[in-house]
Amino acid sequence: MLKRLLFLGPGGFVLLVVVVLGRALTASSSQPPITPLTVAEVDADAVAERLAQSVRFKTIAAPAGQTFEPAPFDAFHAWIDTTYPAVTSGLRREVVAGHSLLYTWKGLDSSLPPLLLLAHQDAVPVEDSTLPDWEQPPFDGVIDDGWIWGRGTLDDKVSMLAILEAVESLWKEGVQPQRTVMLAFGHDEEVSGQGAKAISELLGQRGIKPMMILDEGLVVTHGIVPGLEQPAALVGLAEKGYLSVEMTVAGAGGHSSMPPPHTAVGILAEAVTRLEANPLPAHMEGPMAEMLATLGPEMDFGNKIVFRNLWLLGGIVQGKLEASYSTNAAIRTTTAVTMFDGGVKENVLPQEARAVVNFRIFPGDTIEDILRHVEDSVDDSRVKLKPLGGISGNPPPVSTMDSEGWAVLTSTVRQAFPDAVVAPGMSVAATDARMYAGLSDSIYRFSPIRLHKDRGDTGRIHGTNERVGVENYAEAVRFYAQLISNAAAAE
Ligand SMILES: [Zn+2]
């Protein structure tokens, strides 16, 4: 495109500059207006103390094959019952799939579709070898210097407890929602377990179609989006799917003194090389494009020129995104060769070589597309392909930005985080939300936490020194209270 326009001569070039600058100058913000919060102030120290207490329950989910330890979950449930008396007495509580919890706060108007808020009770374990690196022990629930420390403070007790605090405080204020509010807290999200699936099936059987489902996911980023000075509150419309493919090559075996030119290992290595050299296509449409279109007008002028002129500069932007692993993962199905083995002895020809390739599927691509891509790329009938089962699945549908749910959520984000701009995005990690696909076209992924690049906060999720700010946690509580209040009032 650029070349063709330059061929038009000086007149064409001037026209091009006028169009490009014109588009940048006319970029208009699509941000919802900022309105003041209407829900009650939060006692930051009191809510922080309760989040710290919740960290002390070692609610670790057991991966398949390991024994689930129910005692911490039972103790955690008993603690919730006494710590949040209004929730306990005012909401209907159901236990699903052993230890998942479903709460229902009945609205005054049963004809309105409910609001469904999700979070998970379980946290990932802490490896013993990392314990000396923790500034505070991960399960002691320490509050120090404005931070609440411990496993689960970012993922995902922060959301679960903030939701409970929000409901408790609204109830005590005498709020009666028009719309039913449901809370679903799975107990095995981190091991892709059964809790969320069981709750979703139960809601499906009851014919419940929420106006909006909100789960954990993207966050308020500080210094993470290049070209943007303000914090960005990113709300996931989508998440990626998952597939692993096993590739095997059979060999004749025998002594290595008289080998064929290629052993099973050599043939498989070539197949892997061809697959890695042929990545799946990039997608400059979908959630990533929506994010760029929304954030573009909020950026400095140089970046505005770029993001308002993707019709011309899209190729350059795509190249930039592909250059970093994290942004590359946001625009395509990724290919990761994760396992490779073959052969048993140095002087014996291998009888089999085996590799496993893990794909994270971009919304729009499907498992069938990927299997065809692998077959075409490898293009060798000696390499046998087999999709592995387990947690594989196509990406759930991309949620709509054209709904009451989206409007209520994004305007609430602006109320609670007025310093941030709000934009759609995509989660590259899997969440429980995918289990609810089909119940609503407005399923969003957002955690009301602030992550700062210069503090290394993203590495704290599932990592060492997980912590959340006391002030940020108070913001999170008010965010959920305001969301419930706004959604319950919306028609
Ligand atoms: Zn999580």
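Helix axes in this tour are lines fitted to C-alpha atoms over the stretch in contact, and angles between them run from 0 to 180 degrees between N-to-C directions. The model is predicted: local features need pLDDT of at least 70, side-chain atom pairs count only at pLDDT 80 or more, and totals for chains, interfaces and linings use all residues. Residues are numbered from 1 along each chain as its sequence is written.

**Stop 1: two helices**

Select residues 404–416, helix α14, together with residues 470–489, helix α15. Helices (H or I, at least four residues) and strands (E, at least two) are DSSP runs, numbered from the N terminus. The axes of α14 and α15 lie 9 Å apart and meet at an angle of about 140°. The crossing of α14 past α15 is right-handed; that term applies if the near helix is turned clockwise from the far one by less than a right angle, and left-handed if anticlockwise.

Now show the side chains. From α14, the contact uses Val-408, Leu-409, Thr-412, Gln-415 and Ala-416. From α15, it uses Glu-475, Arg-478, Phe-479, Gln-482, Leu-483, Asn-486 and Ala-487. Two residues are in contact if their C-beta atoms, placed from the backbone, lie within 7 Å. By class there are 6 nonpolar, 4 polar and 2 charged residues. Nonpolar covers Ala, Val, Leu, Ile, Met, Phe, Trp, Tyr, Cys and Pro; charged covers Asp, Glu, Lys and Arg; the others, Gly among them, are polar.

**Stop 2: two domains**

Colour 44–239 + 396–489 as domain 1 and 241–393 as domain 2. These bounds come from an automatic or database domain assignment. The domain centres, taken over C-alpha atoms, are 32 Å apart. Domain 1 gives 18 residues to the contact and domain 2 gives 17. On the domain 1 side, β8 (232–239) and β13 (421–427) each supply at least two residues, and β13 has the largest share, 5 residues. That side of domain 1 consists of 13 nonpolar, 4 polar and 1 charged residues.

**Stop 3: helix α7**

Select α7, residues 195–205. Gly-195, Ala-196, Ile-199, Ser-200 and Leu-203 are buried here. A residue is buried if 20 or more other C-beta atoms lie within 10 Å of its own, exposed if 12 or fewer, and partly exposed in between, with C-beta atoms placed from the backbone. Looking down the axis of α7, the buried residues fall within an arc of 125°, so they line one face of the helix. The arc is that of the directions from the helix axis to the C-beta atoms. An α-helix has 3.6 residues a turn, so residues three or four places apart point the same way. The buried residues of α7 pack against β1 (92–96), β2 and β6. Just after α7, Gly-207 has a positive phi of about 70°.

**Stop 4: loops**

Go to the loop between β6 (181–186) and α7, where Ser-192 is found. Ser-192 has a phi near 50°, positive although the residue is not glycine. Ser-192 counts as partly exposed because 19 C-beta neighbours lie inside 10 Å.

His-462, in the loop between β14 (443–452) and β15 (467–469), has a positive phi as well, near 65°. With 15 C-beta neighbours inside 10 Å, His-462 is partly exposed.

Next, select Asp-155 and Asp-156: the peptide bond from one to the other is cis, with omega near 5°. Asp-156 sits in the loop between β5 (147–149) and α6 (157–172).

Finish at Lys-106, in the loop between β2 (100–105) and β3 (115–120). Lys-106 is partly exposed, with 15 other C-beta atoms within 10 Å. Its C-alpha lies 16 Å from that of Ile-163, 57 residues away in sequence.
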